[in-house]
Amino acid sequence: MTLRIRPARPDELDEAARVMLAAYQQYEASFPTGRWERYAADILDVRGRLPHAELIVAEEAGRIVGAVTLYPDGSRSGMEGWPPEWAGVRLLAVHPDARGRGVGEALMRECMERSRKRGVTTLGLHTTTVMAVARGMYERMGFVRAPEYDFHPAPGIVVMAYRMKL
């Protein structure tokens, strides 16, 4: 099947949000008590990110199978703390039944290309140790650790920063 990477249409926002939540659901057990509910609400709030970001989707056979949020000005992405000259990626998501087919990499490459076209020289993202498959993909693509941009949403939890020079 052909994978199409494109901006989300307004009538697809709820579907994209559901795909994003389905992709992250597997991590629920790794969250401290009460934290998953807040994170899930943040994942579902695709409309709240749109004033400062682009929602990019992966479509296959007329169905959204993945999505990612790209902040052209990474400083607008919230707690990530990126410099304004960086772009930032949040919530890269591939529906569980579409994994292993290059959807995540295609979405990341689109973010890289859009950032390059804007003259952005660095793309940042955050991930955690439990997201090992995603971390491996980011590292294979050329992202490197940027620990100076790590953050700690709760005691004992490190959200690890990565960056890529474009």
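The charged end of R145 sits over the ring of Y162, 5.7 Å from the ring centre; such a placement is counted if NZ of Lys or CZ of Arg is within 6 Å of the ring centre and within 35 degrees of the ring normal. The model you are looking at is predicted, so local features need pLDDT of at least 70 and side-chain atom pairs pLDDT 80 or more, while totals for chains, interfaces and linings use all residues. Residues are numbered from 1 along each chain as its sequence is written, and side-chain values use heavy atoms, with hydrogens and water left out.

**Aromatic pairs**

- There are 9 aromatic pairs, where rings of Phe, Tyr and Trp (its six-membered ring) pair if their centres lie within 6.5 Å, with planes under 30 degrees apart called stacked, over 60 edge-to-face and the rest tilted.
- F31 and W36 make an edge-to-face pair, at 5.3 Å centre to centre and 75 degrees between the planes.
- In that pair, F31 is partly exposed with a relative accessible area of 24%, whereas W36 is buried at 7% (buried is under 20% relative accessible area, exposed over 50%, partly exposed in between, using a 1.4 Å probe and protein chains only).
- W82 and W86 are stacked, because their ring centres lie 5.2 Å apart and their planes are at 25 degrees.
- W82 is buried at 3% relative accessibility, and W86 is buried at 8%.
- Ring pairs also join Y24, Y27, F31, W36 and Y39 into a cluster.

**The largest pocket**

- The largest pocket has a volume of about 1,200 Å³; on a 1 Å grid over the protein atoms alone, a pocket is an open set of points where a 1.4 Å probe fits, with protein on both sides within 12 Å along at least five of seven lines.
- Its lining counts 48 residues, meaning those with an atom within 4 Å of a point.
- Y24, Y27, Y39, T127 and M131 lie nearest the centre of the pocket.
- Two or more lining residues come from each of helix 1 (13–24), helix 2 (35–44), strand 4 (86–94), helix 4 (103–117), strand 5 (122–127) and helix 5 (132–141); these are DSSP runs, helices being H or I of at least four residues and strands E of at least two, numbered from the N terminus.

**Helix 5**

- The buried residues of helix 5 are R135, G136, M137, Y138 and M141.
- Among the elements covering them are strand 4, helix 4, strand 5 and strand 7 (160–165), where contact means heavy atoms within 4.5 Å.
- Just after helix 5, G142 has a positive phi of about 110 degrees.

Notes
Grid points are joined across faces, edges and corners, and a volume is the space filled by probe spheres set on the points.
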